[in-house]
Amino acid sequence: MALLKIFRLNTQACLRDDLVKASNHKYTVSRSIFCSSHESSREHKVLHQSLATVVNNTRWNKLRNDISRTHTRSFVTSTVLFRKKVSRVKIPEKSADDNLSEDEILNDPQFESLRNQSRLQALATGVGGQVGVMVLQPWVKWGPQKRTDTSGQLMLQEAVALVSTLPLVSVVTQEVVSLQSLGKRMVFGSGTLERLVNEARANKSISCIFISLDIMKRSQIEELEAAFGMRIMDRYSVVLSIFHQHARTKEARLQVALAELPYIKKRVTYERDKLMVAEREKRLKAALTKLAGIRAHVRANRAKSSLPTIAVVGYTNAGKTSLIRAITQDSRAEGRNQLFATLDVTAHGCRLPCGVEVAFIDTVGFIQDIPTDLVASFKATLEDAIFSDVVVHVRDVSHPDYELQGATVSSTLGSLPLPSGTPVITAANKMDLGITRSPEQLADAYVVSATREEGIEDLLMAIQNEVLKVTGRKLWKFTLSTGSDQIQWLRGATGLVQEEIDEANPQITHVVAVLTDQELAAFTKNFEVKGKK
Ligand SMILES: Nc1nc2c(ncn2[C@@H]2O[C@H](COP(=O)(O)OP(=O)(O)OP(=O)(O)O)[C@@H](O)[C@H]2O)c(=O)[nH]1
Ligand SMILES: [Mg+2]
C-alpha cells in the first residue's frame with residue numbers, strides 16, 4: 001500500500017476532495033497539508049490538481065523540516081520536490097480567454113498581484129506618497145572590471161536623472177561607492193554596507209535605495225532589503241517604472257507589459273506563478289503580433305504612397321523630439337526634460353525645402369546598462385521606425401559622455417535589422433550648451449541647437465540630399481511658358497521647388513522640380529520638353 005502525502009495550494013475544500021479521492025483509490029494518507037490559499041484560475045486549477053501526489057518517505061522527512069518553518073517556505077520546497085514527480089503540467093491549448101481584448105490582457109487582475117509582489121507599480125504611481133531615494137552608483141576603482149569609457153560621477157548623474165524622472169520621487173542623497181569588484185553577494189563590502197545602512201536609517205526622508213546596476217538577483221535584493229529595512233531598486237526596475245508612467249498607446253502599454261515579464265520571472269518561485277508569467281507572455285506577444293500586422297499594413301500603404309520617412313533615433317534626452325519640432329514645427333512633438341519621455345513611435349509630416357513631403361518618425365531613446373530584454377520589447381516598433389529611407393542619429397554634443405552614448409545607440413541599432421545602405425546622418429544637438437568635442441571629432445556631424453533652431457537648415461539640406469538620393473529623385477530645371485499645362489502638371493507631380501517668372505520676359509517661367517526617373521519620363525513624353533539637371 002502506497003503512502004500518500006497530499007499538499008493543497010488553494011482551498012481547504014479541495015484538500016477534502018483529494019482525501020476522498022485518495023480513499024476511493026484505497027491509498028493510505030499519511031499526511032495532508034493545506035499550504036496557502038489563492039484565487040483559482042485555469043492555470044492554478046491544473047497545477048493544483050497535479051500537486052496531490054505521492055512522495056517517498058525520505059523526501060517526506062526532509063520536507064517536514066521545511067514545512068515546520070513558514071508556509072511560503074514549505075510551498076517553495078514542496079514545489080521543487082514535486083516537480084520531478086508530477087507529470088508536466090499542461091495548460092489546455094485553447095480556451096475562451098484566447099479571445100481576450102488587449103485591455104483585458106493588460107488589466108488582468110490575477111497578474112496584478114504578481115506585479116504587486118515585485119512592487120513594480122508602486123514607484124511608478126507613487127503609491128504610498130512621496131518616495132525619498134538614496135542613489136548609490138557602484139564603481140569599480142581598478143582592475144579588469146574598471147570601466148574606462150565613462151566615470152563614476154557621470155554614471156551617478158545619469159542614475160539621479162533616471163530616478164528623478166519618476167513623479168513623487170526625490171533624491172535625498174547620492175554617492176559613487178567604490179568597489180573592488182562586481183558580483184559580490186551583497187554588492188558592497190561589509191564595512192561599506194554597514195556605513196550605508198546606518199546613513200540610510202539615520203535619515204528619516206529616505207525610504208528607498210536605488211542601486212544603479214542593470215539588474216540584481218532576487219536573493220541580492222532580498223538580503224539588501226533586509227539589511228537596509230527598505231525597498232531596493234535596480235536600473236531595470238526604475239526604467240520599467242518610467243515606462244509604465246509614459247506609455248500612452250495600447251501598443252506601448254503592451255510592450256511595457258512584455259518588458260516587465262523577465263523581471264517578474266526572476267522574482268517568482270512558485271510554479272503556478274511561473275506558469276502565469278509564461279501564459280501572459282504568450283498573450284502579450286499574440287496581441288502585439290496582431291497590432292504589428294496592422295502596422296505592417298500602414299507601412300505598406302506608406303511605401304505605396306511613396307512618402308519618404310526619416311527615423312530620428314538617439315540616446316534618451318538627446319533632443320530627438322525637440323529636433324523634430326524644430327524641423328516640422330509640429331507642436332505635437334514636445335520635448336521634455338525627462339528620460340524616456342517618448343515611448344510611442346509617432347510620425348510628423350513636413351515638406352523638405354525642395355517641396356517633397358516627408359514624415360519624421362520619433363522613437364524611444366536608448367540608454368546604457370539596461371538588460372537587452374528591456375530594449376527587446378521595443379524592437380518591433382523600432383524596427384518599423386528604422387525601416388525608413390534615412391536615419392537621423394541625434395546626439396547631445398554638450399554631454400561629457402558623448403562618445404559612450406553614441407556607442408550605445410550604434411550597438412543597439414546594430415542589433416536591429418537596419419536595411420544595409422540606409423544613410424545615417426548625425427545631428428550633434430544642444431550646441432548652445434557648449435561643445436565638448438573638437439571640430440575633427442564632429443567632422444561628420446551637423447552641429448545644431450533644436451531649441452534655438454540653429455543649424456537646422458544645413459541639417460535639413462543634408463537630409464534632403466539623402467532623401468532624394470535614396471528615393472531616386474533628382475532636381476530638374478525647366479524653362480516653361482508662364483501658367484502653362486506643363487507647370488500645372490509639375491505642381492501636381494511632386495511639387496515645384498522654385499517658380500520664377502523671367503524678369504525680362506514675363507511669358508516664360510524658370511522652374512526647378514523634383515522628379516523620379518519615371519516622373520521625368522512621363523513629363524517629357526507628355527510635353528516633349530527637355531530639362532537640365
Ligand atoms: N539647451 C538645449 N536644450 C535642448 C536642446 N534640444 C533639446 N533640449 C532639451 O533637452 C530635453 C530633452 O529633449 P527631448 O526632445 O524630449 O529629448 P528626447 O531625445 O526626445 O528624449 P526622450 O524622448 O526622453 O528619449 C528637453 O528639456 C529639451 O528642452 C537644445 O538644442 N538646447
Ligand atoms: Mg522624445
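# Close-up views of a predicted model

**Figure 1. The largest nonpolar core of the protein chain has 101 residues.** The residues with the most contacts inside this core are V163, F210, F243, I310, V312 and A427. Helix α12 (residues 250–267) gives the most to the core, with eight residues. A nonpolar core is a set of buried Ala, Val, Leu, Ile, Met, Phe, Trp, Tyr and Cys residues joined through C-beta atoms within 7 Å. A residue counts as buried if 20 or more other C-beta atoms lie within 10 Å of its own, as exposed if 12 or fewer do, and as partly exposed in between, with C-beta atoms placed from the backbone. Helices (H or I, at least four residues) and strands (E, at least two) are DSSP runs, numbered from the N terminus. The model is predicted: local features need pLDDT of at least 70 and side-chain atom pairs count only at pLDDT 80 or more, whereas totals for chains, interfaces and linings use all residues. Residues are numbered from 1 along each chain as its sequence is written, and chains are lettered from A and ligands numbered from 1 in the order in which they are written.

**Figure 2. F243 and its contacts.** Leaving aside residues up to four places away in sequence, F243 touches V256, A259, F340 and L343; two residues are in contact if their C-beta atoms, placed from the backbone, lie within 7 Å. In the protein chain, 69% of the contacts between residues at least 6 apart in sequence join residues at least 24 apart. Of its 533 residues, 35% count as buried, and the chain holds 20 helices and 15 strands.

**Figure 3. An open sheet of six strands has the order β8-β9-β7-β10-β11-β12.** The pairing in this sheet is mixed; two strands pair if DSSP finds at least two bridges between them. Strands β8 (346–351) and β12 (445–447) stand at the edges with a single partner strand each, so one side of each has no neighbour in the sheet. From one strand to the next, the twist averages 25°. Helix α18 (residues 456–470) packs on the sheet and touches β7, β9, β10, β11 (424–429) and β12. The direction of α18 makes about 155° with that of β10; axes are lines fitted to C-alpha atoms, for helices over the stretch in contact, and angles run from 0 to 180 degrees between N-to-C directions. Helix α17 (residues 402–414) lies across β7 and β10, at about 150° to β10.

**Figure 4. Strand β7 (residues 309–314) and its two partners.** Strand β7 is largely enclosed by the rest of the structure, because six of its six residues are buried. T309, A311 and V313 lie on one side of β7 and I310, V312 and G314 on the other, all of them buried. In a regular strand, side chains alternate between the two faces of the sheet. Strand β9 (residues 357–362) runs parallel to β7 and is joined to it by four bridges, with A359 as the bridge partner of T309. Five bridges, also in the parallel sense, pair β7 with strand β10 (residues 390–396). Within β10, V390 stands opposite I310 and H393 stands opposite V313.

**Figure 5. A four-strand open sheet has the order β4-β3-β5-β6, with parallel pairing.** Strands β4 (169–179) and β6 (231–233) stand at the edges, each with a single partner strand, so one side of each is left without a neighbour in the sheet. Three bridges join β5 (residues 208–211) to β6 in parallel, where I209 has I232 as its bridge partner and C208 has R231. Helix α10 (residues 218–228) packs on this sheet, touching β5 and β6, and its direction makes about 135° with that of β6. On its other pairing, β5 meets strand β3 (residues 131–140) over four parallel bridges, and V133 stands opposite C208. C208 and F210 point one way from β5, I209 and I211 the other way, and all are buried.

Figure 6. Of the 24 residues around ligand 1, G319, G335, N337, T342 and G365 come nearest; a residue is near a molecule or strand if its C-beta atom, placed from the backbone, lies within 6 Å of it. Helix α14 (residues 320–328) gives the most to this shell, with three residues. The shell has six nonpolar, 14 polar and four charged residues, where Ala, Val, Leu, Ile, Met, Phe, Trp, Tyr, Cys and Pro count as nonpolar, Asp, Glu, Lys and Arg as charged, and the others, Gly among them, as polar.
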